[in-house]
Amino acid sequence: MKPYVIQSRVHNWDPWEVCPGKEFFSLEEARKAFEALPVKHGHRIAERYTQVRYKSVKE
């Protein structure tokens, strides 16, 4: 799994989604791809991570 991605969203209230084909092994590669975007508004570089959440179960 590649740790850096470029994400996009249309509106401020929309969730961030990973752009297809925009996953990178290094932050430098991600920055170069971000700078090559014609429109940067609504895009960002993000670091992918694994998050584990637990919720209590009612018995």
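These legends go with close-up views of a predicted model.

View 1. Helix α1 covers residues 27–36, and its buried residues are A30, A33 and F34. Look down the axis of α1 and these buried residues fall within an arc of 100°, so they line one face of the helix.

**View 2. What sits over the buried side of α1.** Here we stay with A30, A33 and F34, the buried residues of α1. The cover over them includes the strands β1, β2 and β3.

**View 3. The salt bridge between R48 and E23.** The structure holds 1 salt bridge. R48 pairs up with E23, and their closest N and O atoms are 3.4 Å apart. This pair ties together distant parts of the chain: R48 lies in the segment after β3 (43–47), while E23 belongs to strand β2, 25 residues apart. Side chains of opposite charge can pair like this when their charged atoms come close. As for solvent, R48 has 27% relative accessibility, so it counts as partly exposed. E23 is partly exposed too, with a relative accessible area of 32%.

**View 4. H11 in its loop.** H11 turns up in the loop between β1 (4–8) and β2 (17–24). Its relative accessibility is 36%, which means H11 counts as partly exposed. Check out G42 as well: H11 and G42 are 31 residues apart in sequence, yet their C-alpha atoms are 7.7 Å apart in space.

Technical notes: Residues numbered from 1 in each chain as written. Predicted model: local features only at pLDDT ≥ 70, side-chain atom pairs only at ≥ 80, totals over all residues. Heavy atoms only, no water. Helix = DSSP H or I, 4+ residues; strand = E, 2+ residues; numbered from the N terminus. Buried < 20%, exposed > 50% of the residue type's maximum accessible area, 1.4 Å probe, protein only. Salt bridge = Lys/Arg side-chain N within 4 Å of Asp/Glu carboxyl O. Arc of directions from axis to C-beta. Contact = heavy atoms within 4.5 Å.
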